[in-house]
Amino acid sequence: MFLRKHESGKFTAFRAIRSMASRTRFAQTSKFNGSMCDTRKRRRLPPEHRRILQGKLAVCAGSCGPGNLHLINGLYDCHRSRVPVLGIAAQIPSSEIGSGYFQETHPEHLFAQCSHYCELISHPEQMPRVLEIAMQTAITRRGVSVVAIPGDIALLDAVEQGPRLHFPPPAPSVCPSDEEIATLAKLLNKSKKVTIFAGAGCAGAHAELIELAGKLNAPIVHAMRGKEYIEYDNPFDVGMTGLLGFSSGYHAMMNCDLLLMLGTDFPYQQFFPKDATIIQIDVRGEQLGRRTKVDFGFVGDTKTTLRALRPKLNQNDNDKHLKASLAHYKNARKGLDELATEGSGKKTIHPQYVVRVVDELAAKDAIFSCDVGTPTIWAARYLTMNGKRRLLGSFNHGSMANALPQAIGAQVSHPDRQAISLSGDGGLAMLMGDLLSLQQLQTPVKTIAFKNNSLAFVELEMKAAGILDFGTDLRNPNFAKMAEGAGLLGLTAATPAQVRPMIAQALKYDGPALVEVLVNRQELSMPPTITAEQVKGFSLFALKAVLSGRGEEILDLAKINLFR
């Protein structure tokens with residue numbers, strides 16, 4: 001309905017959206033949890049349409065009522081991850097609004113919590129200005145804008161006028177004052193055991209970050225969203241902390257006398273040191289101190305702030321903290337790598353080994369996406385970033401079934417790059433219809449399906465809390481055959497020896513492919529530190545399992561995690 005022309009031959013209001021977005025050189029292809037706004041066949045897109053992963057505006061649209069409600073998880077995800085998106089939400093005929101009409105909802109209320117700007121169009125004359133405000137708000141505030149359009153308004157003649165906005169997306173530099181920079185330098189110069197905790201706000205400031213760490217002899221711990229910007233070419237890297245991380249990152253933060261937080265909004269309070277001086281630098285002042293106590297907070301972007309700070313820093317000659325942290329990281333990394341092996345059994349496939357093989361065989365500029373849960377853990381620990389690769393996930397919103405939709409959007413907008421989805425069986429089953437999208441759009445996404453017939457991460461949480469798992473079993477279909485039925489290449493790896501050849505075959509295949517890997521259900525993913533409550537909880541779970549006649553689960557846990 002939205003793309004037809006009026007009888008006069010003039011563009012309709014919705015067609016004007018596409019025209020305006022094109023004139024202002026914003027990308028129009030994006031994928032959000034089940035809804036695709038562009039169904040063009042696979043082909044190389046012009047440069048301005050291949051920049052979605054570079055933070056340019058994306059546009060998606062949904063039909064009225066249930067149609068645009070399909071966008072809500074994806075828009076929440078983008079809003080919380082600060083991705084600029086314009087959502088077009090269709091509405092019922094304007095004369096019927098408020099009558100309880102078929103498929104009636106109120107998008108301006110529904111999307112209010114996941115957008116910076118959300119307005120309803122009542123007259124065609126509103127459209128040019130509201131559309132420009134919506135686009136500019138999404139770009140400037142790095143988030144979502146939503147415009148709701150009733151069907152009858154969308155079919156009216158567009159008000160013909162050229163765009164009023166002719167400047168590129170703003171890229172301001174924000175720096176603390178000279179006095180604040182001097183205070184920051186004084187604090188850093190007198191501290192001998194500094195740890196840097198860096199997040200996605202360090203994107204584009206890799207060189208400055210490495211130079212800072214060298215001056216301070218400081219180990220660098222990174223948050224999950226910062227992995228792709230910080231981990232590569234980094235001699236100061238000591239890994240991650242938090243639920244997804246491992247012990248070396250936790251050790252480096254807990255043993256410092258000053259923690260410098262750069263561009264991170266890491267949410268887990270229990271992983272911050274209690275006695276260290278904490279300095280936080282963030283371009284968004286509202287984020288200062290909202291996760292842990294902060295002794296000094298400064299508003300500024302990472303790149304500009306570090307450049308201003310550089311001339312005022314002295315070389316720290318004490319490298320004991322750095323050396324101890326790097327040695328801890330080396331041991332932790334060795335332990336993790338030992339878990340990512342083919343194993344000695346004939347039928348036991350460790351998921352860590354699967355991701356390690358994917359990492360070794362994937363292209364140097366591959367785009368990875370990972371489902372919430374254990375696929376995110378294995379991606380965090382075993383995917384290697386190199387400055388060219390990208391890693392997408394629902395890292396802030398935590399929405400299930402995100403990996404395949406994100407991979408489709410990445411592949412459509414970047415057809416010359418390899419897109420790989422690390423999908424859990426629970427997530428894949430939720431949006432299995434996207435296998436049809438792969439065939440429909442002719443997108444050569446490669447899907448690695450981790451099949452353990454359970455909601456594995458939920459089971460781990462329940463075990464740590466001392467609860468016998470309930471309701472986490474999955475009665476899965478044969479995903480490889482489902483893929484074949486959709487017209488994809490479907491492969492199954494049932495033994496460790498089949499993992500590498502099956503993944504290699506899928507990655508070389510000229511088209512969409514799925515590899516179903518039968519991985520261990522009882523694989524443990526140990527956090528960087530274990531609390532007394534978790535030990536007590538897991539012991540209680542083991543006792544309950546034995547008393548309930550499920551002692552074989554304890555034996556499986558031991559066999560899989562202790563005897564590799």
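**Notes on a predicted model**

Q: How exposed is cysteine 175?
A: Cysteine 175 is partly exposed, with a relative accessible area of 33%. Buried means under 20% relative accessible area, exposed over 50%, and partly exposed in between, using a 1.4 Å probe and protein chains only. Cysteine 256, at 9%, counts as buried.

Q: What am I looking at here, and how is it numbered?
A: This is a predicted model, where local features need pLDDT of at least 70 and side-chain atom pairs count only at pLDDT 80 or more, while totals for chains, interfaces and linings use all residues. Residues are numbered from 1 along each chain as its sequence is written, and side-chain values use heavy atoms, leaving out hydrogens and water.

Q: Which residues of α15 are buried?
A: The list is Ala403, Leu404, Pro405, Gln406, Ala407, Ile408, Gly409, Ala410, Gln411, Val412 and Ser413. That is eleven of eleven, so α15 is largely enclosed by the rest of the structure.

Q: What about strand β4, how many of its residues are buried?
A: Seven of the seven residues of β4 (residues 85–91) are buried, so this strand is also largely enclosed by the rest of the structure. Val85, Gly87, Ala89 and Gln91 point one way, and Leu86, Ile88 and Ala90 point the other way.

Q: Which strands do bridges join to β4?
A: Five bridges join strand β3 (residues 58–62) to β4, and seven join β4 to strand β6 (residues 144–150). β3 and β4 run parallel, as do β4 and β6. Two strands count as paired if DSSP finds at least two bridges between them. Cysteine 60 has glycine 87 in β4 as its bridge partner, and glutamine 91 has proline 150 in β6.

Q: What is the strand order in the open sheet of six strands?
A: The order is β14-β13-β15-β16-β18-β17, with parallel pairing. β14 (390–393) and β17 (489–493) stand at the edges with a single partner strand each, so one side of each has no neighbour in the sheet. Neighbouring strands are turned by 20 degrees against each other on average, direction ignored. Axes are lines fitted to C-alpha atoms, for helices over the stretch in contact, and angles run from 0 to 180 degrees between N-to-C directions.

Q: Which strands does α13 lie across?
A: α13 lies across β13, β15, β16 (446–451) and β18 (513–518), and runs at about 170 degrees to β16. Contact means heavy atoms within 4.5 Å. Within the sheet, four bridges join β13 to β15, and isoleucine 367 has alanine 419 in β15 as its bridge partner.

Q: New topic. How many salt bridges does the search find?
A: It finds 16. A salt bridge is a side-chain nitrogen of Lys or Arg within 4 Å of a carboxyl oxygen of Asp or Glu.

Q: Which residue meets arginine 310 in a salt bridge?
A: Glutamate 211 does, at 3.1 Å from N to O. Arginine 310 is in the loop between α11 (302–309) and α12 (320–339), and glutamate 211 is in helix α8 (residues 206–216), 99 residues apart. Arginine 310 is partly exposed at 36%, and so is glutamate 211 at 34%.

Q: What does aspartate 265 form a salt bridge with?
A: Arginine 291, with the closest N and O atoms 2.9 Å apart. Aspartate 265 lies in the loop between β10 (258–262) and β11 (277–282) and arginine 291 in the loop between β11 and β12 (296–299), so the pair ties together parts that are 26 residues apart in sequence.

Q: And which residue forms a salt bridge with arginine 417?
A: Aspartate 365, with the closest N and O atoms 3.9 Å apart. Arginine 417 is buried at 19%, whereas aspartate 365 is partly exposed at 29%.

Notes
Helices (H or I, at least four residues) and strands (E, at least two) are DSSP runs, numbered from the N terminus.
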